[in-house]
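The sequence and structure come next.

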Amino acid sequence: MKKTDIIIVFAALLAAAGIFVFLGPLSGARDAGRVEVYSGGELIRTLELRAAPYEAVIETEEGVNTLLVEPDGARVLSADCHSQVCVRTGKITSPGQVIACLPHRLIIKLAGDAGRNGVDAVAR
């Protein structure tokens, strides 16, 4: 190999490393995220999003809620309250989204950098 060949190979490796370092965070590598459960305004439980779905039972003085935690979000499977608004809310998949169970004084919030990749709004 000539000296210019070595310089070209080194420059190509340096460019590839630069692309990896600067564009890596934009490629979809995301924080796994977590579900935060608040009761009466206080954080009472933190649930990690995982590859395998699992159920978590949240018991408070006001009642019981069962959550289904999945890799891309969470939803309330069942609640022993009369209104069932929290169950009908469906799955939350984007950070900042919440499910509220007012009779049980629960707020279930998706936190971190979890959920769908992509644009959430377009402005013209």
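## Cysteines

The sulfur of Cys101 lies 3.8 Å from the closest cysteine sulfur, that of Cys86, which is too far for a bond. The model, which is predicted, holds zero disulfides. Cys86, accordingly, is in no disulfide, and its nearest cysteine sulfur is that of Cys101.

Both cysteines are shielded from solvent by the criterion used here: Cys86 is buried, with a relative accessible area of 1%, and Cys101 counts as buried at 1% relative accessibility.

## Glu36 in strand β1

Glu36 sits in strand β1, which spans residues 34-39. At 10% relative accessibility, Glu36 counts as buried, because the cut-off for that class is under 20%.

The side chain of Glu36 makes a polar contact of 3.2 Å with the side chain of Arg34. Leaving aside residues up to four places away in sequence, Glu36 touches Leu43, Arg45, Ile107, Ile108, Lys109 and Ala111.

## Overall make-up

The protein has two helices and seven strands. Read from the N terminus, the order of elements is α-β-β-β-β-β-α-β-β.

Of the 124 residues in the protein, 29% are buried. Among contacts between residues at least 6 apart in sequence, 31% join residues at least 24 apart.

Key:
Residues are numbered from 1 along each chain as its sequence is written. This is a predicted model: local features need pLDDT of at least 70, side-chain atom pairs count only at pLDDT 80 or more; totals for chains, interfaces and linings use all residues. Side-chain values use heavy atoms; hydrogens and water are left out. A disulfide is a pair of cysteine sulfur atoms within 2.5 Å. Buried means under 20% relative accessible area, exposed over 50%, partly exposed in between (1.4 Å probe, protein chains only). Helices (H or I, at least four residues) and strands (E, at least two) are DSSP runs, numbered from the N terminus. A polar contact is a pair of N or O atoms within 3.5 Å; within protein, one must be able to donate a hydrogen and the other to accept it, and residues adjacent in sequence count only if both atoms are side-chain atoms. Contact means heavy atoms within 4.5 Å.
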